[in-house]
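Please go through the structure below and report how its parts pack together.

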Amino acid sequence: MPSFTTQRPVPFTAEQMYALVADVETYPEFLPLCERLTVTRREQQGDTEILDAAMGIGYLTFRETFSTRVTLRPADNAIDVTYLDGPFSILDNRWRFIPSDTGSTVDFFINYEFKSVMLGLLMGAMFDTAFRRFAEAFEDRARVVYGSPQGGAQNPAA
């Protein structure tokens, strides 16, 4: 079963990076393969927010939609994604944002398996490449949203 994990140091705060990943509705603007994303349910449970989202992905002539449950825990700088429905048999995704002296470290993990062996053969390498670019795509997005970190970390609400 394919999986990918990375820990990527970035020059932005853990809170800034958490805010970017938590803002799922903007994913189609910058995330590889993501063509659309719709939040279908939103629920607050204390400090935790739970979203159900449908993501449309595409590459060349391939189009697919899958649904996930996104658990946002801002106090822990943690985001967990569990699979609900679509072309996967397994999809488990975790984000952690760890403060550091120079910004933060983005800890990204994803584990997935397609229901169809044929789909896995057709799409597996492309998905692996896209997942490897996710952390980089969020860092690039941080530069667009927050500007250059050289002048110091900016307030994510700015």
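How many aromatic pairs does the structure hold? This is a predicted model, and the structure holds 14 aromatic pairs. The rings of phenylalanine 66 and phenylalanine 88 form one of them: the centres are 5.3 Å apart and the planes stand at 85°, so the pair is edge-to-face. Phenylalanine 66 belongs to strand 4 (residues 62–73) and phenylalanine 88 to strand 6 (residues 88–100), so the pair ties together parts that are 22 residues apart in sequence. Phenylalanine 88 also forms an aromatic pair with tyrosine 83. Here the centres are 5.8 Å apart, the planes make 90°, and the pair is again edge-to-face.

A pair of aromatic rings is described by the distance of the centres and the angle of the planes. Phenylalanine 88 is buried, with a relative accessible area of 1%. Phenylalanine 66 is buried at 9%, and tyrosine 83 counts as buried at 17%.

Ring pairs also build a cluster. Its members are Phe4, Tyr18, Tyr27, Phe30, Trp95, Phe97, Phe108 and Phe138.

Seven strands form an open sheet in the order 1-7-6-5-4-3-2, with antiparallel pairing. Which strands stand at the edges? Strand 1 (3–10) and strand 2 (34–45) do, each with a single partner strand, so one side of each is left without a neighbour in the sheet. On average, neighbouring strands of this sheet are turned by 15° against each other, direction ignored.

Strand 5 (residues 78–85) and strand 6 run antiparallel and are joined by five bridges. Aspartate 80 stands opposite arginine 94 in strand 6. Helix 1 (residues 14–22) packs on the sheet. Helix 1 touches strand 1, strand 4, strand 5, strand 6 and strand 7 (103–114). The direction of helix 1 makes about 155° with that of strand 6.

**The core**

In soluble globular proteins, nonpolar side chains tend to be buried together. In this model, the largest nonpolar core has 46 residues. Those with the most contacts inside this core are Met17, Tyr27, Leu31, Ile79, Trp95, Phe97 and Phe138. Helix 2 gives the largest share of the core, nine residues.

Phenylalanine 97 is in the ring cluster and among the core residues with the most contacts. Leaving out residues up to four places away in sequence, phenylalanine 97 touches Ala14, Met17, Tyr18, Val21, Asn77, Ile79, Thr105 and Val106.

**Buried polar and charged side chains**

Aspartate 52 lies in strand 3 (residues 48–59). Is aspartate 52 buried or exposed? Aspartate 52 is buried, with a relative accessible area of 9%. Its side chain and that of arginine 69 are joined by a polar contact of 2.7 Å. Beyond four places in sequence, aspartate 52 is in contact with Thr38, Val39, Thr40, Arg41, Thr68, Arg69 and Leu84. Threonine 82 is 30 residues away from aspartate 52 in sequence, yet the C-alpha to C-alpha distance is 9.5 Å.

Arginine 141 lies in helix 2 (residues 117–146). Arginine 141 is buried, with a relative accessible area of 16%. Not counting residues up to four places away in sequence, arginine 141 touches Leu20, Thr26, Glu29 and Phe30.

Most residues other than glycine have a negative phi, and most peptide bonds are trans.

| Residue | Phi | Place | Relative accessible area |

Definitions and conventions. Residues numbered from 1 in each chain as written. Predicted model: local features only at pLDDT ≥ 70, side-chain atom pairs only at ≥ 80, totals over all residues. Heavy atoms only, no water. Helix = DSSP H or I, 4+ residues; strand = E, 2+ residues; numbered from the N terminus. Buried < 20%, exposed > 50% of the residue type's maximum accessible area, 1.4 Å probe, protein only. Contact = heavy atoms within 4.5 Å. Polar contact = N/O pair within 3.5 Å; in protein donor to acceptor, adjacent residues only side chain to side chain. Core = buried A, V, L, I, M, F, W, Y, C linked by side-chain atoms within 4.5 Å. Phe/Tyr/Trp six-rings, centres within 6.5 Å; stacked < 30°, edge-to-face > 60°. Pairing = 2+ DSSP bridges. Axes fitted to C-alpha atoms, helices over the stretch in contact; angles between N-to-C directions.
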